[in-house]
Amino acid sequence: MKREFLFLILLTLLTSCIDRIDLGEEVADQYRRQLYIEGRILSGATSVFYVQYTIPMTQTKREYVEDAELRIVSDLGFVSDAAAFGEDGTYTIPTGTLNPAERYKLVAKVGGETYESDYLTLQPSLPIDEVWFTEHFRENQGHNIWTNDHINIHVKTHGDEHQARHYMWTWEEDYEYHAPYDISGPVDGYYPVYNPELWLGVVQGEKNPYYYCWKHAESADYNLYSTENLVQNVVSDVVVATFEKHPLTLGGTNVNELSPRFSYLYAITVHQSTLDSAAYSYYRQMEQYTEEMGGLFSPTPYDLYGNIHCTSRPELRVRGNITASEVSSYRLFIPREDVHLNVDYRPMEPLRKTPGSNWPNTEELRQLVDGGDVLGSLGPNNYIDAEVIFYRPCLNCLSSPGSTKKKPEWWPTDDE
C-alpha cells in the first residue's frame with residue numbers, strides 16, 4: 001500500500017513537470033508550417049517571386065501557393081499589374097524600367113492575409129565586362145570516380161571603390177536543335193507512312209515542320225560573390241553555370257538525348273544585380289544552409305527571417321526576403337563548331353531489319369503507325385514494308401520534353 005502511494009505521488013510530480021515545459025517560440029517555429037515568400041524586384045527585367053510553405057525534413061515535394069495576389073508598389077504611387085503564376089511555381093511581373101528615385105516594396109495577399117516587404121531602394125547595376133565558356137573533358141578523380149564532359153560559363157565584372165560590392169547572378173538559356181533525321185523526301189524509293197492526325201503539317205516531299213525546335217530554361221538558383229574584403233572591386237572570374245555535354249544517340253528507340261544544348265546553336269543570357277549588405281547576408285546564410293540540407297526550399301532555419309512581414313496580423317510570422325535592383329545582362333552565343341560534341345544530323349535513312357532481330361510484323365507496324373509511335377515506309381509497290389521503320393523521336397524534335405516551335409525574336413538563324 002505504501003509503495004503504491006509513493007508511486008502515485010511520483011507520477012503526479014512527473015506529470016506536473018511535463019505540464020510546465022515551455023519549448024519557446026523559436027524552438028517551436030522549427031516544427032511549424034509557415035509561409036515563405038522570396039523574390040527580386042528587378043528594373044530592366046522580369047521580377048520573379050516564390051510563394052510557398054516551409055516543408056518538414058521528411059517531405060521533398062514543394063508546397064506552392066497558386067492563388068496568391070502579388071503586386072509591386074512604390075512610395076510615390078506606382079502599382080504594378082498582378083503577378084502571373086507559372087507551371088514552374090514562380091510568380092512573374094514584367095516590370096520594365098523602374099524609377100531609381102522611388103522606393104519599392106512587394107505586397108502579397110495570401111489566404112486572406114496581407115504581407116508586405118520593407119520599402120527598398122533600387123541597387124544600381126554594374127555592367128558585365130565579359131561572359132565566356134571553358135570546355136572540360138572526362139577526368140579521373142581517383143577511387144574510380146570520373147567527371148563527365150561539361151562546359152562552365154564564366155563572368156567578369158568590376159566597379160569602382162565606392163560602388164556596390166555584393167553581386168548576384170542568374171541566367172536564361174535558349175538553344176536550337178534539330179531532329180536527328182529529316183523526313184522531307186523519299187529514301188531509296190520509300191516514303192514515310194504515318195497517322196496524319198498525329199503528324200499535323202507533314203507533307204510528303206515538303207519541308208519537315210518537326211525538324212527545327214527550340215528550348216528555353218531559367219536558372220532555379222543564384223550565384224553570389226562579394227569583393228568587400230578585397231582591395232579592388234573586381235570580379236575577375238566566377239563560374240555562374242555548369243552544363244554537362246550529352247552525346248546524341250541515333251538509331252532504334254535508344255534516343256537518350258535528342259536536344260543536347262550545344263548540338264547546333266546555344267545562347268545563354270547572364271543577368272547581374274547587386275545587393276546591399278543585409279540582403280547579401282541573408283542569401284549567404286540561405287546558401288550555406290541549403291548546401292547542408294540539399295535544396296533551396298528545404299526547411300528553413302528557425303532563426304532566419306528576412307524583410308517581409310504580415311501587416312494584417314502582425315503576430316503571424318513569415319519567412320523570406322525581397323530585394324530590389326537594376327539589372328545588367330550579357331548574352332553569349334556558342335555554335336556547335338566551338339564545342340567538341342559528336343552530333344550527326346543527316347537526311348532520313350531507312351533502319352532496316354537485320355537477321356534475327358525482333359522487329360514488328362506488318363500488322364504490328366500498322367498499330368504503331370496509327371498510334372504515332374513510328375513512321376512506317378511505303379515502298380514503290382504501295383505496300384507497307386515492316387523491314388524499314390522510322391521511330392518518332394528520330395524524326396520529331398518535339399518528342400523531347402519542353403521543346404517548342406517558338407523561336408526567340410532575337411534568334412539569328414532563319415530556321416522555322
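Reply: What follows covers the disulfide, then the aromatic pairs. The model is predicted.

The count of disulfides comes to one. It is formed by C213 and C397, whose sulfur atoms are 2.0 Å apart. C213 belongs to strand β17, residues 212–218, while C397 is in the segment after α5 (392–395), so the bond ties together parts that are 184 residues apart in sequence. The torsion about the S-S bond is about 70°, and the disulfide is therefore right-handed. Both ends are shielded: C213 has a relative accessible area of 0% and is buried, and C397 is buried at 1%. Another cysteine, C310, has 5% relative accessibility and so also counts as buried, the limit being under 20%.

Turning to the rings, the aromatic pairs number 15. One of them joins W410 and W411, with 5.5 Å from centre to centre and 50° between the planes, a tilted arrangement. These two residues fall into separate accessibility classes: W411 is buried because its relative accessible area is 6%, under the 20% limit, whereas W410, at 32%, counts as partly exposed.

Elsewhere, ring pairs link a cluster made up of W171, Y175, Y177, F243, F262 and Y266.

Conventions:
Residues are numbered from 1 along each chain as its sequence is written. This is a predicted model: local features need pLDDT of at least 70, side-chain atom pairs count only at pLDDT 80 or more; totals for chains, interfaces and linings use all residues. Side-chain values use heavy atoms; hydrogens and water are left out. Rings of Phe, Tyr and Trp (its six-membered ring) pair if their centres lie within 6.5 Å; planes under 30 degrees apart count as stacked, over 60 as edge-to-face and the rest as tilted. Buried means under 20% relative accessible area, exposed over 50%, partly exposed in between (1.4 Å probe, protein chains only). A disulfide is a pair of cysteine sulfur atoms within 2.5 Å. Helices (H or I, at least four residues) and strands (E, at least two) are DSSP runs, numbered from the N terminus.
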